[in-house]
Amino acid sequence: MTMKIAARFLFTAVITCAAANNPVAGSDDHHLHRRTLTASSNTTTTASLLQADAVFGRDAAADEFSSNMVASESSNAIKSAPQKIMTCPKCKKLVGMLVDMSLKNCKKKCLKISANFINPCNNSCCEKLCKLTDKPEKQACNKIGYCTAIIEFGMSRIEACEGNDVKVVWQGFHNIQETAEEKCDSATIGAQITDFHDAGYVKTFKNNELSAAPGKTRYFKDSSQCGANANRIEVSCPPVIAKFGMSVSRIIACEGDAVKVVWKGNHDIQETLKRTCVSKEIGAPISDYQEPGYEKTFRNNELSAAPGETRYFKCSSHCGNKANRMEVSCPVSAAR
């Protein structure tokens, strides 16, 4: 899962964050996780690992593991898909839980726990990890790519959600300027994120200067050396995902966040004033009835909440106290 490649680097961005991408409702840790990507030149690559760098090149586990997860995927209800990120610390904790187990039981437990994450350790990954439990935890996680990853790129695409710190290490003379689109001649947005600096300069951005809201992508360039496949970076954050399953879905999605819904049964989505099925309906349905397999991403706050607010949704014809309802919250601390 990890590639190490020698190349000429102009500067490096190290994404270092903490906590989960979508913690349980009521948590103050909105959209925090650790995502990483390391890159050199010539190849466009996307990674969703855990501790790494994004480089502009000249050339082209326990309750913590299981919270916010819903097991069933049967139809006639709404549920949340995994929202947590398998970070380096979580991987190390997983290793500790797998020590002294048989390979068969180790793999089974690894896969079960890992399934709760957006970036799970698959069958071959778990098999490799289970053979490394006698190694130091960080060393084992490093071997499967959850603590260090280096990949090539000419034009960098990385993931960094709001709340992430992004550390930039300059290895050439560059500035960072946001643009409206991916093209070098796209309109610039605001003042430059940072002025030109020489190689060796280091700065950590802690106020979302280089991070994105769920479901959003932001674009940055070097003002003087931008090329179609060089000296650009795209920063994205996965959308919040809600599926129709077999429970009440409680997700965190703040205003500005995109929410992707995957239909697993024939349902509509109707907002209500309170959580009960007989509560007064608010406005027209957010979505008409759709068949299983239909997917739609809502980007205009149809399924997001203001800081400190909780909104309630149901399927008009299948609502129950413990099924086919959705509660969408945003913590007070998430005010943008």
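**Salt bridges between strands**

A search of the whole structure, a predicted model, finds 10 salt bridges. Side chains of opposite charge can pair when their charged atoms come close.

E178 belongs to strand β6 (residues 174-179) and R218 to strand β9 (residues 217-221), so the bridge ties together parts that are 40 residues apart in sequence. Both E178 and R218 are buried.

E271 and R311 form another salt bridge, and the closest N and O atoms are 2.8 Å apart. Strand β14 (residues 267-272) carries E271, while strand β17 (residues 310-314) carries R311; the pair therefore ties together parts that are 40 residues apart in sequence. Both E271 and R311 are buried.

R275 and E327 also meet through their side chains in a salt bridge, at 3.1 Å from N to O. R275 sits in the loop between β14 and β15 (287-290), and E327 in strand β18 (residues 325-329), so this pair ties together parts that are 52 residues apart in sequence. R275 counts as partly exposed because its relative accessibility is 42%. E327, at 5% relative accessibility, counts as buried. Salt bridges with shared partners join R250, R275, R325 and E327 into one network.

A242 and V261 are 19 residues apart in sequence. In space, the C-alpha atoms of A242 and V261 are 4.8 Å apart.

Notes:
Residues numbered from 1 in each chain as written. Predicted model: local features only at pLDDT ≥ 70, side-chain atom pairs only at ≥ 80, totals over all residues. Heavy atoms only, no water. Salt bridge = Lys/Arg side-chain N within 4 Å of Asp/Glu carboxyl O. Helix = DSSP H or I, 4+ residues; strand = E, 2+ residues; numbered from the N terminus. Buried < 20%, exposed > 50% of the residue type's maximum accessible area, 1.4 Å probe, protein only.
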